[in-house]
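Subject: Structure handover, salt bridges

Hello,

Please find the structure below. My notes on its salt bridges follow.

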Amino acid sequence: MIPTDSDRARWRAALQPAMESRRQQGLMRQRLERRGPCTPSMSVNGHTRISFCSNDYLGLSNHPDVVSAFFDGAREYGVGSGASHMVTGHCRVHDQLEEELAAFTGRERTLLFSTGYMANLGVINALTNAQSVVLQDALNHASLLDGGWLSRARSRRFTHASLPALEQALRDEKESPCLIVTDGVFSMDGDVAPLPGMIELARRYGAGLMVDDAHGMGCLGVGGQGVIASFSEDTLLDQCDVPVLIGTFGKAFGTAGAFVAGDSALIAYLEQFARTYTFTTAMPPALAQATRASLTLITNEPWRRQRLQALISRFRSGMQRLGLPLLPSHTPVQALMLGDVDQAVAASEFLLTRGLHVTAIRPPTVPVGRSRLRITLSAVHTDEQLQQLLDAMAELAHTFSRSLLGQTYVNN
Ligand SMILES: *Cc1c(COP(=O)(O)O)cnc(C)c1O
């Protein structure tokens, strides 16, 4: 694709086929412009609409405690961290946040990264070499897939959430060191990885296990520890069960950044060898301060999770009454599978006419033929807003042919 000289016309001609094919497939993406904070009712491209597509699951991104902690942090430390963590960018507030996250997740230590994408790239690369195999769930987030592809290791995908498929892969690759990598809550389907079975397989075959819980952390479990807290009322899957745990701050925490949690040997190693930790500017300290405020709210306000669960149940039973089949999910990510790109886009556009913002998710984010509406709920949606969504869905069910909406799709 790269032209051999920098003549402007040739350069453009080289880029054009990919752009044209994307346009023809109806997959061109467009940015919208929002004014003001990320709240359920938001102004986008000059229209005020109710949003069911943000990842601000607990309504913390605009919480006064979080905002004022951010100001406090900026007053104390300034805005930029000024250097990487290994030079002079690492501040006391980073240590405090790391320690609080370790206590929260029941791990010995944690390490902060600037984004979840960078955490996944850095951790997978540091833990593998040319002899390793990275075993990826087929529906893993792009940052995990990229982490495997950009490493020296070989990548291999197994059928989504299938323990038999994972075991087969482990058996085939038993001569190589294997790292099993999975989303905790799958970002586009909303289902949860079968962790107890995966832990057992990892032990039996001597493989590593890495869980990226971007969408579960803060939302699942009584205390909000996410997927590690969702298999039992009173115990977490610990750092022996899930030795490499990733959490991100851009979703339920309502800030930005990420962390990896594990035992002290792992974290000390990553501090040395994760290149996306070492060779980048440290997270702004004010952001660490804001994230500490989020963590306090996540811990002290379990009502946010209870409220979220209540909205999820109400939405699911409402959709069931309308005969609109959602994928199985008890998380804030809910998916109405439509299959075809045009159907998904038309459904999303229809909802826009009703003042509702629900994104159509298309390839390459999801496999071809599995385009969908992805509906995300937040603890701060009101009952009236949810009812408005269900009313519009009832209209949608009538407007769109039953044959398309009523199809059942098999996970593959
Ligand atoms: C959003 C997301 C990421 C990326 O995190 P950022 O902090 O936004 O870079 C990683 N993994 C999963 C599963 C995600 O959903």
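Asp 172 has a relative accessible area of 43%, so Asp 172 is partly exposed. This is a predicted model. Asp 172 forms a salt bridge with Arg 156, and the closest N and O atoms of the two are 2.8 Å apart. The pair links distant parts of the chain: Arg 156 lies in strand S6 (residues 154–158) and Asp 172 in helix H7 (residues 163–172), 16 residues apart. Arg 156 is also partly exposed, at 26% relative accessibility.

Helix H7 holds another pair, Arg 171 and Glu 167, which are 4 residues apart and so separated by about one helical turn. Their side chains meet in a salt bridge at 3.6 Å, N to O. Glu 167 has 17% relative accessibility and counts as buried, because buried means under 20% relative accessible area.

The side chains of Arg 314 and Asp 383 form a salt bridge as well (3.3 Å, N to O). Here, too, distant parts of the chain are linked: Arg 314 belongs to helix H12 (residues 303–321), Asp 383 to helix H14 (residues 383–399), and 69 residues separate them. Arg 314 counts as partly exposed at 30% relative accessibility, and Asp 383 counts as partly exposed at 35%.

Arg 156 and Asp 172 also belong to a network with Arg 154 and Glu 173, joined by salt bridges that share partners.

How many salt bridges does the structure hold? The count is 18.

Regards

Technical notes: Residues numbered from 1 in each chain as written. Predicted model: local features only at pLDDT ≥ 70, side-chain atom pairs only at ≥ 80, totals over all residues. Heavy atoms only, no water. Salt bridge = Lys/Arg side-chain N within 4 Å of Asp/Glu carboxyl O. Helix = DSSP H or I, 4+ residues; strand = E, 2+ residues; numbered from the N terminus. Buried < 20%, exposed > 50% of the residue type's maximum accessible area, 1.4 Å probe, protein only.
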